[in-house]
Amino acid sequence: MNRSQPKRSKILRMALSDSSRSGKDESFILRATKIAVVVALYWFISISMVFLNNFLLDSKELDAPVFITFFQCVVSVILCWILHFLSKLCPGFVDFPSLKFNLRVSREIMPLTVVFICMITFNNLCLKYVGVAFYTVGRSLTTVFNVVLSYAVLKQTTSFYAVLSCGVILGGFWLGVDQESIAGSLSWTGVFFGVIASLCVSLNAIYTKKVMPVVDGNIWKLSYYNNLNASVLFIPLIVILGELKSVLEFNRLTHLHFWGMMIVGGVFGFAIGYVTGLQIKCTSPLTHNVSGTAKSCAQTVLAVIYSASSKSKLWWTSNMMVLVGSFAYTWVRGVEMKKVQVPPETQATNTLKTKEGLAV
């Protein structure tokens, strides 16, 4: 970590120096290219993960959403161990915290894991029932729940403009539900799962902040214990919900293509945490949220084009209301944070926690 700091300082000095115009141009081009690559990587992984999960969950032959979610958690645990060993073999190339299972830490993180399980399960169930096109609207109430829980749990008040932005999001949500109902494609089950998932994402941010000191503030350790706990807790759920029978009777259970898609889904689920942090690091928390909002817009357009469906003007209006409301809330909160002089690293951590489940 310390070795990379002089490099960043050198680039910064090059950008600010008056030595030559060509040096400035080269530094600007280098930084702009780096940001463009990181943002493109975030968009690619996030959008691909949503479409891939939709493909796996939409299978008519395998109705086992909890098993699919369980498998993705197992893949995340395995990837953590692989990176752990690689960091030991190549310490100068791979930077990953040391993993040593601690029962006390696992037990203290368990309340977060329960919320985490609900978050990713209801996320996937929402995606299964509403599809990718309506997913942005169906999962749009996270910001609203953030405001409600901040007041109810943390006793933090919210400014008028932030509340107004939430009002725009709520309006877009209800208009979207109305338009889906008129089109005959509304799934109240999917809407219900989307609302619960939004609530769980907000609760996940609160519990994450609470247990962060347990893992010394390391997001990768938290991810390891969270996914490990979830992998264990998912097993009885799979049996109770009868999904084990569905999996064993699945006619493509031995096909490499099926397991390949499952593994890729797990890898993308693990990678989204890394690219989210990388985008915040290379830009800013505000820019990251703006990028996420734009990504959701592109994701919706791609889903409509892919499904070759026709949507009404009011349906598109509902999506734009949700996206504009989300952008406005992000902008207002960013301005408020600057006024109270919140440290940038704190903003980045909070943003990463808040956005953690949004692309699941």
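Helix α6 spans residues 142-152 and is mostly covered, since eight of its eleven residues are buried. This is a predicted model, in which local features need pLDDT of at least 70 and side-chain atom pairs count only at pLDDT 80 or more, whereas totals for chains, interfaces and linings use all residues. Residues are numbered from 1 along each chain as its sequence is written, and side-chain values use heavy atoms, with hydrogens and water left out.

**Overall make-up**

- The protein has 14 helices and zero strands, where helices (H or I, at least four residues) and strands (E, at least two) are DSSP runs numbered from the N terminus.
- Of the 360 residues of the protein, 46% count as buried.
- The protein exposes about 19000 Å², of which carbon and sulfur atoms supply 68%; the accessible areas come from the Shrake-Rupley method with a 1.4 Å probe, and for residues only the protein chains shown count as cover.
- Among the contacts (heavy atoms within 4.5 Å) with a separation of 6 or more, 83% are between residues 24 or more positions apart.

**Packing of helices**

- Two packed helices are described by the angle between their axes and by the distance between those axes.
- α6 packs with helix α7 (residues 160-183) at an angle of about 135°, and their axes are 9 Å apart; the axes are lines fitted to C-alpha atoms, for helices over the stretch in contact, and the angles run from 0 to 180 degrees between N-to-C directions.
- α6 and α7 are therefore oblique to each other, given that angles under 35 degrees count as roughly parallel, over 145 as roughly antiparallel, 65 to 115 as roughly perpendicular and the rest as oblique.
- The crossing of α6 and α7 is left-handed, meaning that the near helix is turned anticlockwise from the far one by less than a right angle, whereas clockwise would be right-handed.
- At this crossing, Thr143, Val144 and Val147 in α6 meet Cys166, Ile169 and Leu170 in α7.
- Helix α3 (residues 65-89) packs with helix α11 (residues 256-282) at an angle of about 65°, with axes 8 Å apart, and α3 passes α11 in a right-handed crossing.
- The residues of α3 that meet α11 include Phe67, Phe71 and Leu79, and those on the α11 side include Trp259, Met262 and Phe270.

- Leaving aside its neighbours within four places in sequence, Phe134 is in contact with Gly176, Val177, Glu180, Val191 and Trp315.

- Gln299 lies in helix α12 (residues 285-307) and is buried, with a relative accessible area of 2%.
- Not counting residues up to four places away in sequence, Gln299 touches Ser46, Ile47, Val50, Phe51, Val132, Tyr135 and Thr136.
- Thr208, in helix α8 (residues 188-211), counts as buried at 1% relative accessibility.
- Thr208 and Leu222 are 14 residues apart in sequence and 8.5 Å apart in space, C-alpha to C-alpha.

Conventions: Buried < 20%, exposed > 50% of the residue type's maximum accessible area, 1.4 Å probe, protein only.
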